[in-house]
Amino acid sequence: MIAEKHFRNIRRLPNKGLLWISTRYSKALRGYALNNPESVQIQLVARCNLRCPKCPVPERSFIDHYPVQQSHLDNLEHLVELLGNNCEAYILSLWGESLLHKELFRALHILRHKKILISTNLNVPIEKVKMLIDFHEEFKAIQELIVSVDGYDKESYETYYRLGGKFELLDSN
């Protein structure tokens with residue numbers, strides 16, 4: 001059991017290293033615009049409802065490093081205003097499950113005139129999925145909805161790949 005835990009942590013080292021490098025790099029360049037980005041990847045939530053074996057999000061060290069669990073949407077408004085028409089697309093995906101943000105509809109409303117790409121595990125209440133459908137029907141802003149599904153049946157999905165996930169919830173969504 002102890003060896004298995006250490007092996008799991010060793011497998012996560014490359015992800016932790018990349019996260020550390022990107023954090024240091026972004027701090028060094030804070031305030032300098034290198035170019036107008038075509039797209040911006042946004043982390044709305046620094047937590048997830050699953051505990052996938054190769055993902056650093058559920059680890060306590062990650063949560064301690066990023067104490068704010070949800071992005072303030074005033075920052076998102078400021079970013080959209082700052083980038084103006086230079087940025088075409090906003091990708092709601094990084095190290096957390098964006099659909100868990102308490103004010104997801106407001107966040108989507110801020111981005112309604114842009115292309116929106118969402119990556120999700122879709123292990124969320126059906127109300128969130130219906131809200132996404134309604135939003136898309138009204139604004140046609142969601143260009144892609146990427147659903148991460150590891151495993152082909154209930155046993156493989158819940159046993160290894162998506163710990164804490166409910167296959168029935170994913171299947172019903």
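Colleague: Is Phe139 buried, partly exposed or exposed?

Modeller: Buried means under 20% relative accessible area, exposed over 50%, partly exposed in between (1.4 Å probe, protein chains only). Phe139 has a relative accessible area of 24%. So the class for Phe139 is partly exposed.

Colleague: What is the basis for such values?

Modeller: This is a predicted model: local features need pLDDT of at least 70, side-chain atom pairs count only at pLDDT 80 or more, and totals for chains, interfaces and linings use all residues. Side-chain values use heavy atoms, without hydrogens and water, and residues are numbered from 1 along each chain as its sequence is written.

Colleague: How many aromatic pairs does the structure hold?

Modeller: Rings of Phe, Tyr and Trp (its six-membered ring) pair if their centres lie within 6.5 Å. Planes under 30 degrees apart count as stacked, over 60 as edge-to-face and the rest as tilted. On that basis, the number of aromatic pairs is two.

Colleague: Which type is the pair of Phe105 and Phe135?

Modeller: The ring centres of Phe105 and Phe135 are 6.2 Å apart. Their planes stand at 90°, so the type is edge-to-face.

Colleague: Is Phe135 buried or exposed?

Modeller: The relative accessible area of Phe135 is 1%. Phe135 is therefore buried.

Colleague: What angle lies between the planes of Phe135 and Phe139?

Modeller: Phe135 and Phe139 form a tilted pair, 5.0 Å centre to centre. The angle between their planes is 40°.
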